[in-house]
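Have the model open beside you as you read.

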Amino acid sequence: MTAVQREVLELPGQHDKLLLHSCCAPCSGEPMEALLASGIEFTIYFYNPNIHPVREYEIRKNENIRFAEKHGIPFVDADYDPDPWFERVKGLENEPERGQRCTVCFDMRFERTALYAHEHGFAVITSSLGISRWKNMNQINDCGIRAASRYPGMQYWTHNWRKKGGAARMIEISKDEQFYQQEYCGCVYSLRDTNR
């Protein structure tokens with residue numbers, strides 16, 4: 001780990017462990033490093049049925065596993081099930097990035113994250129999704145809060161990973177680790193729009 005001056009992070013509600021939903025290694029590298037530096041116990045939860053095609057999904061997942069293993073971080077592979085995702089976003093195929101389709105997608109991923117957290121004793125969840133400048137932080141936080149609110153005592157941590165050099169550090173980690181750099185958000189519709 002490169003020596004970086006960091007604030008000490010604390011989980012909300014004085015909790016001591018976190019379930020971190022991860023979308024990919026480039027986005028989760030900085031949150032993982034920041035959590036490690038603060039001594040926060042956490043587990044990576046990889047649930048991303050939106051990623052298309054399956055080859056792309058496997059590349060992103062395996063890069064994430066590689067980085068987690070390097071730092072001894074537990075990694076939960078929630079496996080790939082795109083059919084329910086396609087069902088949920090039906091009718092939203094032409095929504096723009098950051099539109100209603102993304103809300104439905106985040107809801108689905110965070111609902112599953114919150115369920116796993118509930119079943120495995122995590123009172124706090126968060127996601128690496130918000131570090132990307134291509135994402136709407138408020139949209140992500142609203143989805144996370146909504147998912148966590150289904151379970152008594154669960155909280156979605158709205159920490160802004162972009163701030164205090166986080167966005168720049170994300171890029172540095174990606175270069176240092178030579179992470180695979182995806183060229184679109186993940187779903188077949190973002191791929192279509194990128195290709196246009």
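What follows is a tour of salt bridges, pair by pair and then as a network.

Keep in mind that you are looking at a predicted model.

Start in helix α2, which spans residues 54-70. Here the side chains of E63 and R66 meet in a salt bridge, with 3.1 Å from N to O. Because E63 and R66 sit three residues apart in this helix, about one helical turn separates them.

Next, move on to helix α4, residues 100-119, where R112 is found. R112 forms a salt bridge with D81, and their closest N and O atoms are 3.7 Å apart. This pair links distant parts of the chain, since D81 belongs to the loop between β3 (75-77) and α3 (82-88), 31 residues away from R112. D81 counts as partly exposed at 25% relative accessibility, and R112 counts as partly exposed at 28%.

Stay with helix α4 for another stop. The side chain of D107 meets that of R146 in a salt bridge of 2.9 Å, N to O. D107 lies in helix α4 and R146 in helix α5 (residues 137-148), so the pair ties together parts that are 39 residues apart in sequence. D107 counts as buried, at 12% relative accessibility, while R146 is partly exposed, at 40%.

Finally, which residues are linked in a network of salt bridges? Look for R6, E30, E33, R169 and E172.

Note on methods
Residues numbered from 1 in each chain as written. Predicted model: local features only at pLDDT ≥ 70, side-chain atom pairs only at ≥ 80, totals over all residues. Heavy atoms only, no water. Salt bridge = Lys/Arg side-chain N within 4 Å of Asp/Glu carboxyl O. Helix = DSSP H or I, 4+ residues; strand = E, 2+ residues; numbered from the N terminus. Buried < 20%, exposed > 50% of the residue type's maximum accessible area, 1.4 Å probe, protein only.
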